[in-house]
Structure formats: structure tokens, C-alpha cells
Amino acid sequence: MWTTALRAVALLGCISAPSLTLAEGDPDAGEREYRACRSCHQLDAGKNGAGPSLHGLMGATAGQVEGFRYSDDMVASGIVWTAETLDAFIADPKGVVPGTSMGYRGLRNDTKRADLIAYLARETAAD
């Protein structure tokens, strides 16, 4: 488990792309991108599906949504969800957390990822 966590931290620390800011993304365009996510992820608190609820996502530690069963690697990752960590994970989930149970292959388009992250930041804010 610790090896996976160290790999994830190392990968996130080595991202060579410029730092992503929420100002770069268009949350309205991101809502369209979210359509691919909503079959597994809900935005409402406590509503888990095939994936965990995304409510309160920004600033949360990965693998901690109550009532959802995560892979051991996700729980051990220690990732805190920020625009930067989401950017890396959404681009290549298994590259960041090799043992993730999420079957999504990733969103390679930088603009679409920034839009999706801006949408998630807007829509998943904790109450």
C-alpha cells in the first residue's frame, strides 16, 4: 500500500504542466463534460453510486466518503483533491492510483479537463 501511495505522491509532484487554476476552466462547458461522470458519481451528499458522491470534493482526502468501498490503493494514496490533483487523476486515473477501482480511462484534453474541474469546484462545494 505504501508503495502505491509513494508512487502517487511522486507522480503528482512531478507534473510538468503549468499549474491549473480554476479560472482557466469554463464551468458551464464542464457541465457537459460531467455527463460522462454522472452515471457513476452523484453531486449530492450521501448519494453514492458505482462511484462515491462528489459532494465536498475540493479539499477532501481521497478514499474517505462515508459508505463507499474504495480500493486499498485509493485509501492509502493520501491525495487531497485540488484542481491540480484532480487534473492529474482525471487525465490518467490508473497512472496516479494504479489500484483504483475506477474503470474510467481518463480525459486527455486539457481544456475539457479544466472545464470539468471548474464545474466540479462550483457544484460540489460543501454546505
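What share of the contacts in the chain with a separation of 6 or more comes from residues 24 or more positions apart? Such residues account for 51% of those contacts, where contact means heavy atoms within 4.5 Å. The model is predicted, so local features need pLDDT of at least 70 and side-chain atom pairs count only at pLDDT 80 or more, while totals for chains, interfaces and linings use all residues. Residues are numbered from 1 along each chain as its sequence is written, and side-chain values use heavy atoms, with hydrogens and water left out.

The chain has six helices and zero strands, and its pattern along the sequence reads α-α-α-α-α-α. Helices (H or I, at least four residues) and strands (E, at least two) are DSSP runs, numbered from the N terminus. Of the 127 residues, 40% count as buried; buried means under 20% relative accessible area, exposed over 50%, and partly exposed in between (1.4 Å probe, protein chains only).

The largest nonpolar core holds 23 residues. A nonpolar core is a set of buried Ala, Val, Leu, Ile, Met, Phe, Trp, Tyr and Cys residues joined through side-chain atoms within 4.5 Å. Y34, M74, W81, I90, L116 and L120 have the most contacts inside this core. The elements that give it two or more residues are α4 and α6, and α4 gives the most, with five residues. Helix α4 is itself mostly covered, with eight of its nine residues buried; among them are L86, F89 and I90, but also T85 and D87.

L120 lies in helix α6 and counts as buried at 4% relative accessibility. Apart from neighbours within four places in sequence, L120 is in contact with Y34, L43, L54, L57 and I90. L120 and E31 are 89 residues apart in sequence, yet 8.2 Å apart in space, C-alpha to C-alpha.

Two buried polar side chains can be followed next. S53 lies in the loop between α2 (27–34) and α3 (72–76), and is buried with a relative accessible area of 6%. A polar atom of the S53 side chain lies 2.7 Å from the backbone oxygen of D44, and the side chain also reaches the backbone nitrogen of H55 at 3.2 Å. The cut-off for a polar contact is a pair of N or O atoms within 3.5 Å; within protein, one must be able to donate a hydrogen and the other to accept it, and residues adjacent in sequence count only if both atoms are side-chain atoms. Beyond four places in sequence, the contacts of S53 include Q42, D44, K47 and V65. D73 lies in helix α3 and is buried, with a relative accessible area of 16%. A polar atom of the D73 side chain lies 3.1 Å from the backbone nitrogen of G99.

Of its 34 lining residues, H41, P52, L54, F89 and M102 are the closest to its centre. The elements that give two or more residues to this lining are α4 (83–91) and α6 (110–123), and the largest share, three residues, comes from α4. The lining divides into 21 nonpolar, 13 polar and no charged residues.

Technical notes: On a 1 Å grid over the protein atoms alone, a cavity is a set of points where a 1.4 Å probe fits but cannot get out, and a pocket is an open set with protein on both sides within 12 Å along at least five of seven lines; lining residues have an atom within 4 Å of a point. Ala, Val, Leu, Ile, Met, Phe, Trp, Tyr, Cys and Pro count as nonpolar, Asp, Glu, Lys and Arg as charged, and the others, Gly among them, as polar.
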